[in-house]
Amino acid sequence: MHELAITQSMLDLVLEQAGKAGAKEVGKINLVIGEMTGVVEQCVQFYFSFLSRGTLAEGAALSFTMVPTTARCEGCARHFELREFDWTCPYCQSDNMEIVAGKELFVESIEVE
Ligand SMILES: [Zn+2]
């Protein structure tokens, strides 16, 4: 159920921005979602369609940019895409790494009319 709370807070933010811009309607919402958040696109879409009902954002198109989980190896300093359950560097086999991308979860921009 965590998509419900996430979708609600995104919608609140979008409506706040649209209100400030004096928009009549929100046409499109660009979202950035990191793979590590576990957020499922279809769930957000589903919750959005009923949460946005009767608001400026009703009928807005959602655009998702999914960010793969990326790590930086502490051993060889290379960046690579982290596969689930495989926490070793493909270059030097070190398991000492830092997550540098994949935890993103934000509204990148909105298009209003
Ligand atoms: Zn390495």
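The legends below describe close-up views of a predicted model.

**View 1. The largest nonpolar core.** This core holds 21 residues, and Val14, Val26, Ile29, Leu31, Phe48 and Val107 have the most contacts inside it. Two or more residues come from each of α1 (2-20), β1 (26-34), α2 (41-51), β2 (61-67) and β6 (105-112). The greatest contribution is that of α1, with 5 residues. In soluble globular proteins, nonpolar side chains tend to be buried together.

**View 2. Surroundings of Phe48 in the largest core.** Phe48 is among the residues with the most contacts inside this core. With neighbours within four places in sequence left aside, Phe48 is in contact with Thr7, Leu11, Ile29, Ala57, Ala60 and Leu62.

View 3. A separate core has 6 residues, including Cys73, Phe80, Leu82 and Met97.

**View 4. Asn30 in strand β1.** Asn30 belongs to strand β1. Its relative accessibility is 10%, so Asn30 counts as buried, the cut-off being under 20%. A polar contact of 3.5 Å joins the side chains of Asn30 and Ser63. Apart from neighbours within four places in sequence, the residues in contact with Asn30 are Ser63, Phe106, Val107, Glu108, Ser109 and Glu111.

**View 5. The largest pocket.** The space in this pocket is about 200 Å³. Its lining consists of Glu35, Met36, Thr69, Leu82, Arg83, Glu84, Phe85 and Trp87. By type, the lining residues are 4 nonpolar, 1 polar and 3 charged. Leu82 lines the pocket and is also one of the residues of the second core.

Terms used:
Residues numbered from 1 in each chain as written. Predicted model: local features only at pLDDT ≥ 70, side-chain atom pairs only at ≥ 80, totals over all residues. Heavy atoms only, no water. Core = buried A, V, L, I, M, F, W, Y, C linked by side-chain atoms within 4.5 Å. Buried < 20%, exposed > 50% of the residue type's maximum accessible area, 1.4 Å probe, protein only. Helix = DSSP H or I, 4+ residues; strand = E, 2+ residues; numbered from the N terminus. Contact = heavy atoms within 4.5 Å. Polar contact = N/O pair within 3.5 Å; in protein donor to acceptor, adjacent residues only side chain to side chain. 1 Å grid on protein atoms, 1.4 Å probe; cavity = no way out; pocket = protein on both sides within 12 Å on 5 of 7 lines; lining within 4 Å. Points joined across faces, edges and corners; volume = space filled by probe spheres on them. Nonpolar A, V, L, I, M, F, W, Y, C, P; charged D, E, K, R; others polar.
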